[in-house]
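Biologist: Please bring up the structure. I have some questions about the chains and a few residues.

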Amino acid sequence: MSDDGAVGEERPVLSVRNLVKHFPITEGVLRREVGRVRAVDGISFDVYPGETLGLVGESGCGKSTAALSLLRLEEPTDGEVSYRGESVTDYDSGELKAFRREAQMIFQDPTSSFDPRMPVGQSVAEPLLVHGMADRRRRRGIVENLLERVGLSASDYDRYPHEFSGGQKQRIAIARALVVNPDLVVADEPVSALDVSVQAEILGLLEDVQDEFGLSILFISHDMAVVREVCDRVAVMYLGEIVETGPTVDIFEEPQHPYTRALLASVPSIDPRRRGEGVELSGDVPSPSNPPAGCRFHTRCPEIIQPEGYDFDQQNWRAVMDLRVRLEQGTLDLDAAREFAVAEGEATDPEAVTREELARAVRDEFSIPPELTDHRAERVLQDALSSLVDGEADAARDLLADEFETICEREHPDLRDTEAGHPAACHLHREAVEADAVRSQTPED
Amino acid sequence: MATESGDPERFEDVDWDELGGLAVPRRTLAFVASLVAYALLLGYDYLLVAEDQPTIPVAGWNVTAVDWLFLLTLLAIVFYGVVPLVVNRRLTVHYWHQFRKNRAAVVSLVYLLVIFVVGTVGTAFIEPPQLDTLAAYQPPVYSSVPADVPVSCAGEVVDGRCQGTWAHPFGTTGQGKDILKMVVFGMEVSMQVGLIATFITIVLATAVGTTAAYLGGYVDEVLMRYVDIQLTFPTFFLYLLLVYLFGGSLFLLILIFGLTGWGAIARLVRSEALQRSEEEFVRAAKGAGASTPYVIWRHLVPNVSNTVITAATLLIPSLILAEAALSFLGLGDPTVPSWGRVIADGRGDLSSAWWISTIPGFFLFFTILAFNFLGDALRDALDPRQEGGE
Amino acid sequence: MYWYVARRLAWAFVATFIILTITFLLLEVTPDAQAAQLQFQAAQGGGSAEAAREAYETRRGLDAPLWERYSNYMINVFTLEWGWSDTRSQPVVEAILDAYPYSLMYGIPAVLISTVVGIAIGLYSATHQYTLADYAGTFVAFFGISIPNFWFGIILLLVFAVELGWVPVLFDPNVPVFSVANAKQLVLPVFVLTTAAIASEMRYARAEALEYVNAEFVKTAKAKGADGRRILTRHILRPALVPLSTILVGDLLGLILTTSYLVEVVFGIPGLGRLSLDAILNQDTALVLGTTFIPVLIAVIGNLLQDLAYTILDPRIDYGDR
């Protein structure tokens with residue numbers, strides 16, 4: 001699996017292959033493992049010299065964990081991380097310490113990323129001290145010079161963190177990340193905690209710094225608007241996996257993955273023609289300790305592929321799929337549906353709701369229309385609903401699972417090239433490619 | 001470096017291959033130097049000077065084991081208590097402003113400083129209380145006692161009552177020892193017990209608490225289980241048992257207090273350190289390449305120091321009280337003029353010579369009260385929730 | 001939750017076991033004073049010190065292997081075979097039974113009074129914050145925890161017994177328990193013990209009640225027009241009782257146990273504290289052990305009850321591991 005158009009023929013500064021980070025969930029005194037939080041479940045990407053790679057996704061998708069793991073601030077469970085060809089994962093403690101001079105991190109929360117009892121100058125000078133610069137005056141000189149270059153003043157050296165605003169603290173954080181002259185900077189949501197007006201300043205500083213010193217930056221964010229401004233290339237993450245990656249321009253103009261499309265739709269647009277194109281994702285973000293089978297996004301994907309032999313209206317299919325998801329989870333509450341029916345005026349009290357009314361209430365809850373256009377599908381649905389209101393949720397679930405099985409829940413899509421030129425992990429593309437292949441093979445059409 | 005003189009050095013010009021190795025702060029160097037000097041003196045005393053010979057012939061002072069411990073404690077207090085206060089002047093001034101609001105605490109502080117100075121320095125210049133049967137049972141100045149109580153009255157006898165004199169402002173004991181001197185030497189004992197034992201306690205508690213919190217996992221479990229076990233034995237009865245078995249020397253007493261009483265503070269330190277370990281600056285230090293001992297020492301310990309100082313200040317009075325109680329019960333060090341012992345000695349003569357038991361007790365009471373006021377005020381002044389408001 | 005209770009009980013057992021074992025080991029490690037004395041006597045008389053020591057050890061069962069001595073020791077402790085007190089020429093258990101009523105005589109009234117009064121003052125202080133009464137209360141609290149109890153007792157004796165003669169100077173153990181004479185001689189010990197206990201009760205009560213006084217639901221009650229007393233009892237006392245009950249049992253017991261030594265010595269009461277102290281001063285090992293076990297056991301049980309009460313009564317606490 002190759003990455004998309006590399007910047008020139010250079011080798012990547014950072015190379016991540018199949019990075020995995022799981023956190024065990026333990027129980028009891030003996031700490032038996034009863035489950036795992038699959039925060040990062042096999043991601044791969046490259047960062048080239050001088051470029052900014054964006055790692056985007058919702059909160060909880062594992063981006064911060066990925067950053068910590070590749071720097072070995074958390075030990076990865078599996079995978080390979082290479083820095084300029086050397087394997088970071090195999091470093092011993094001495095080599096790891098040297099690596100820390102080459103790769104630095106900027107943290108998200110400016111308030112807690114500085115020791116409240118240390119003057120900020122000392123915090124910035126700390127990496128110098130740790131790596132052996134014993135001369136106090138020399139450290140101070142370097143740091144004072146650096147503080148001025150990030151937009152503060154030399155006299156700020158002796159001030160304490162609480163005396164600065166959020167934006168100023170992030171400047172200090174940038175200074176601290178630069179002070180040992182690294183080649184790679186991992187910025188974990190560096191502007192998320194700041195006001196919008198201040199964000200622009202800090203992003204500008206980051207860009208200037210990158211230009212002046214030729215840094216490579218891994219930029220982590222959940223904010224697509226910011227990413228568009230700052231990043232050369234983007235990797236989109238969902239629930240511990242990368243679902244799409246490519247140059248920023250391409251991703252934003254021709255997003256190939258439904259999740260990316262949904263993320264982009266949430267970016268406010270000045271263009272009045274593009275307003276109102278918001279995509280609402282159904283359901284909640286699944287827990288990383290129990291990710292959905294097949295494509296992890298299938299429980300919320302608006303473009304989920306329909307089962308073979310049926311022809312739904314895509315919206316209705318999503319609605320039916322939502323029902324299936326809830327049945328699988330076992331969180332479908334008939335009592336709530338009864339209350340719903342009463343509220344709708346169908347019946348007078350929850351006990352008196354008839355089977356038909358209950359079935360209708362369930363349909364309404366998921367916004368499934370009273371009758372599906374595909375008759376066969378409608379019959380299957382009715383059978384399932386009958387079983388459900390009779391109290392046999394398992395039977396309903398199994399019936400729907402058999403009849404309405406979709407490839408999206410059955411097979412896990414890998415990152416593969418798409419027509420647009422950059423890879424995405426979605427069965428839609430395989431279908432298109434396969435459909436093309438089929439079409440080109442069959443004599444007619 | 002390739003910079004011209006007068007130009008500030010830039011971070012990108014640093015040649016990292018030249019550097020590398022340990023960077024030791026000045027304070028640590030100074031402390032280590034003083035420790036070396038201390039060790040040399042200690043070696044001299046123990047190896048070269050005979051048991052009964054005074055260590056400093058000029059002053060006739062035979063330095064005891066407790067004295068050596070006290071010196072060590074004072075060194076630590078200077079380097080790690082006084083020096084940081086002087087260096088971080090703004091922070092110190094801020095704390096002082098908060099502290100000043102509590103007037104009782106300020107008075108207490110002054111009183112305790114006086115006691116400290118008199119107890120440590122003063123005792124070197126005053127002769128210890130001497131046995132003197134002729135001077136027994138002298139009443140304090142401005143009071144009188146029936147003339148038949150003292151063996152011979154040092155002052156005038158008026159109306160059959162012996163008058164007190166300034167020669168013995170607080171009177172004398174049944175053995176003729178001047179009570180003022182007993183009070184002063186008692187100060188030394190209390191100071192030594194309070195400070196040394198607390199010092200041992202906070203060193204142990206901080207080390208265990210921060211390490212358990214930072215490393216977590218197995219280390220944490222083991223350490224905290226040990227603390228649980230240590231805490232189940234009620235401390236007073238542990239003292240009783242140990243004193244019974246090993247005898248009641250002051251040195252042993254201090255060791256027992258220090259080595260068995262640190263559990264509760266360790267727990268406190270651990271819970272505070274746990275909260276701090278979650279903060280990102282700890283991760284930032286790690287990301288800079290810092291080792292575990294460095295992170296614990298430079299980041300965790302300073303951030304729990306407020307809790308530790310408050311707890312320590314409240315621990316000192318209970319230790320002083322415990323030592324006084326043990327001495328009172330006759331279980332303390334019989335060679336040392338502890339306040340508790342004086343009070344116990346005076347009990348038999350309560351009706352005739354009331355001053356023996358009462359006066360030292362006042363000093364004991366006020367000292368403990370002063371520490372409690374101090375500790376309470378420190379707790380408010382050092383409250384981390386108040387930090388950040390300038 | 002029952003799982004937690006069971007675990008906590010088990011821990012109490014384990015703790016007791018550990019304490020007993022530590023005591024045993026300590027005894028093993030320290031030189032035996034009596035053996036030393038016998039050896040000295042033998043040597044003086046021209047005999048063999050070695051032989052004297054062996055005879056002593058055989059007689060005392062000290063020549064048995066370590067494991068056997070340990071198990072004997074443990075069994076004896078649990079079957080209340082606590083040995084013979086040489087200084088009092090009676091079984092240790094009997095000596096304890098003779099002594100403990102005296103400890104109860106001043107202990108129980110002290111606990112009752114300090115609990116009731118302490119909580120009352122604490123609550124009053126919390127609801128009348130920053131008034132003169134509050135400051136007076138805080139002052140009393142500081143006073144109570146700072147004053148050396150034994151010295152305080154001596155001062156009181158000096159004033160009320162020696163100078164004023166209102167109470168007897170010496171304690172008479174033969175006076176009937178429920179008589180005026182007994183009450184008179186118990187007033188001072190109870191008072192001393194109470195002042196110490198009240199101080200800590202009060203501070204805790206005040207601190208806990210303060211949390212609720214300023215709480216939203218109290219303001220709501222006030223807005224609804226509930227009068228002061230009702231607010232106090234229903235809305236403040238009830239939730240505050242939960243944490244209060246915990247320090248009641250545990251800390252109070254601890255305080256009483258340690259202070260009893262001092263109080264009994266000062267006032268000459270022949271209770272458990274005095275018994276223990278005399279045993280220590282006279283090197284009566286068996287009695288020392290016996291009289292130390294009781295308070296230690298009480299402390300362990302007290303802590304246990306305290307933890308259980310706290311977790312059972314406070315629904316907010318979860319029973320997970322730490």
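The questions below go through the model as a whole, then its chains, then single residues.

Biologist: What ipTM does the model score?

Modeller: This is a predicted model. Two overall scores come with it. The pTM is 0.80. The ipTM is 0.80.

Biologist: Which residues of chain C have pLDDT under 50?

Modeller: Chain C has a mean pLDDT of 76. In that chain, 76% of the residues reach 70 or more. Where pLDDT is low, the predicted coordinates should not be read in detail. The stretch with pLDDT under 50, for which the model has 12 contacts beyond four places in sequence, is residues 318–322.

Biologist: How many helices and strands does chain A have?

Modeller: Chain A runs to 445 residues, and 52% of them count as buried. Its C-alpha trace spans about 85 × 60 × 55 Å along the principal axes. The secondary structure comes to 16 helices and 10 strands.

Biologist: In chain B, what share of the contacts with a separation of 6 or more joins residues 24 or more positions apart?

Modeller: Chain B has 13 helices and 3 strands. Its C-alpha trace spans about 90 × 50 × 45 Å along the principal axes. For contacts with a separation of 6 or more, the share from residues 24 or more positions apart is 72%.

Biologist: How far apart are the mean positions of the positive and negative charges of chain B?

Modeller: Chain B exposes about 18300 Å², with 64% of that from carbon and sulfur atoms. Its charges number 22 positive and 35 negative. Their mean positions are separated by 8 Å.

Biologist: Which side chain of opposite charge is nearest to Lys169(A)?

Modeller: Lys169(A) sits in helix H5, residues 166–178 of chain A. Beyond four places in sequence, Lys169(A) touches Pro110(A), Thr111(A), Phe114(A), Pro161(A) and Phe164(A). Lys169(A) is buried and has no salt bridge. The nearest side chain of opposite charge is 7.1 Å away, and it belongs to Asp109(A).

Biologist: Is Asp220(B) buried or exposed?

Modeller: Asp220(B) belongs to helix H6, residues 217–232 of chain B. Leaving aside neighbours within four places in sequence, Asp220(B) contacts Ala212(B) and Arg270(B). The cut-off for buried is under 20% relative accessible area. Asp220(B) is at 11% relative accessibility, so it counts as buried.

Biologist: Why does Leu42(B) count as partly exposed?

Modeller: Leu42(B) is part of helix H1, residues 26–48 of chain B. Partly exposed covers the range between buried, under 20%, and exposed, over 50%. Leu42(B) counts as partly exposed because its relative accessibility is 25%.

Biologist: What distance separates the C-alpha atoms of Leu42(B) and Trp68(B)?

Modeller: Leu42(B) and Trp68(B) are 26 residues apart along the chain.

Terms used. Residues are numbered from 1 along each chain as its sequence is written. Chains are lettered from A and ligands numbered from 1 in the order in which they are written. This is a predicted model: local features need pLDDT of at least 70, side-chain atom pairs count only at pLDDT 80 or more; totals for chains, interfaces and linings use all residues. Side-chain values use heavy atoms; hydrogens and water are left out. Helices (H or I, at least four residues) and strands (E, at least two) are DSSP runs, numbered from the N terminus. Contact means heavy atoms within 4.5 Å. Accessible areas come from the Shrake-Rupley method with a 1.4 Å probe; for residues, only the protein chains shown count as cover. Lys and Arg count as positive and Asp and Glu as negative; His and the chain ends are not counted. The place of a charge is taken as NZ of Lys, CZ of Arg, CG of Asp or CD of Glu. pLDDT is the predictor's confidence in each residue, from 0 to 100. Buried means under 20% relative accessible area, exposed over 50%, partly exposed in between (1.4 Å probe, protein chains only). A salt bridge is a side-chain nitrogen of Lys or Arg within 4 Å of a carboxyl oxygen of Asp or Glu.
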